[in-house]
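Q: I've got a protein model open and I'd like to learn how to read it. Can we go through it together?

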Amino acid sequence: MTEVQTDVTAAELDELVKTVSAAERAEVLHVVESAKDTIFTWDYGQSRVPLIKLYEKAKTGQWNASTDVDWSIEVDVERQAATGPNIWMLQDLTGTPLENFNEADHLKLSITAQNWLLSQFMHGEQGALICTSQIVETVPWIDAKYYAATQVMDEARHVEVFARYLQEKLGGIMPVNLHLRALLDGIVSDSRWDMTYLGMQIMVEGLALAAFGFIRQTTEEPLLKDILKYVMADEARHVAFGVLSLKEVYTDMTAAELRERQEFAYEAAMLMRNRFSMQEVWEHLDLPVREMCEMVLANPMQAEFRKMLFSKIVPNLKKLGLLTGWLRDRFAELGVLQFEDWADTGEEYEVMQFDTPATAAS
Ligand SMILES: [Fe+2]
Ligand SMILES: [Fe+2]
């Protein structure tokens, strides 16, 4: 068996292998307390030109998940799973729980893993729906309230489109990953409005944008490719909104306040990186969760995938002035500073102008 080498300690692994309990899984509702101030503004003057432009773009970039997406496309789940990247290709499976896996077992694992990944995206989209509705309430600028209102609609559509794809084409939804839920709970319960932006618009959406781009490039399934094209056009705008808004807020913050933002970003990064190890897949397939999580962490293809997920986050944090000092050292340890000079989403958005129904559908 390949020696398992990860930078995760035994204590971190104890934490990492946890999943939502059976009782929680049976619950339909999940309640999170939050103590945010709701802010009215009597200043209706629009002064933030980039936000006004984004708002105009958002209004004309609306698409309809019911009519713009071709739901008649048949999805061959087995073929899709069989042709996807095989992450175990470079790993010796002798002595591992997968040692006696035959082709059918591997296929079942791939199908479950795909269902899990898209389910987590869908749960994350619901987090975005809730966060942007909070931003409408809490942001003090009228320009940002207008724009955030369009994003609430975008995110509702994203939840709708993933839920429909999972239920109609993949045969069902998998439960939320405990660590993703912890991240979303932390973001929605924080009372500081800029943390909603940082957690959702920069960290979660930045990661989603990178992951969607990767999946869109690697999948051959036409319906999923199409869905991701539409969703990504919206997501690029969302991340750009976060960068533009936070840049203005951070200009006036003290070093101590900025350090709190850096720590928040790092904690979010850790929740999304190591702790996101397909725990529910192993549980569903009755495989030993701890051993399988260790295998995922040691898997070279997964390690590269985890780094790639930071390709949008790192340049955006740099643009915001947060990629300095303490956070820079932490990200160097994670091996993700290679992305720091990549285009930030504000710049990239300018060249991603394919987000109108007419052009997106072409
Ligand atoms: Fe979204
Ligand atoms: Fe979004």
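Q: Let's start with one residue: where is M278 found?
A: M278 sits in the loop between helix 10 (255–272) and helix 11 (279–284). Helices here are DSSP runs of H or I with at least four residues, strands are runs of E with at least two, and both are numbered from the N terminus. Before we go on, this is a predicted model, where local features need pLDDT of at least 70 and side-chain atom pairs count only at pLDDT 80 or more, while totals for chains, interfaces and linings use all residues. Residues are numbered from 1 along each chain as its sequence is written, and chains are lettered from A and ligands numbered from 1 in the order in which they are written.

Q: What is the phi of M278?
A: Most residues other than glycine have a negative phi. M278 isn't a glycine, yet its phi is positive, about 60°. D286 does something like this too, with a positive phi near 55°, in the loop between helix 11 and helix 12 (289–298).

Q: Are those residues buried or exposed?
A: You count the other C-beta atoms (placed from the backbone) within 10 Å of a residue's own: 20 or more is buried, 12 or fewer is exposed, and in between is partly exposed. M278 counts as buried because it has 24 such neighbours. D286 has 8, so it counts as exposed.

Q: How many helices and strands does the chain have?
A: There are 17 helices and zero strands. Take helix 6 (residues 142–169): its 28 residues reach 40 Å from first C-alpha to last, close to the 40 Å expected. That expected span is 1.5 Å times one less than the number of residues. After helix 6 comes G171, with a positive phi near 85°.

Q: Which residues have the most contacts inside the largest nonpolar core?
A: In soluble globular proteins, nonpolar side chains tend to be buried together. A nonpolar core is a set of buried Ala, Val, Leu, Ile, Met, Phe, Trp, Tyr and Cys residues joined through C-beta atoms within 7 Å. The largest one here has 73 residues, and M203 and L207 have the most contacts inside it. Helix 9 (222–251) is among the helices supplying at least two of its residues, and helix 9 gives the most, with 14.

Q: What does L207 touch, leaving aside its neighbours within four places in sequence?
A: Two residues are in contact if their C-beta atoms, placed from the backbone, lie within 7 Å. L207 is in contact with M272, L309 and I313.
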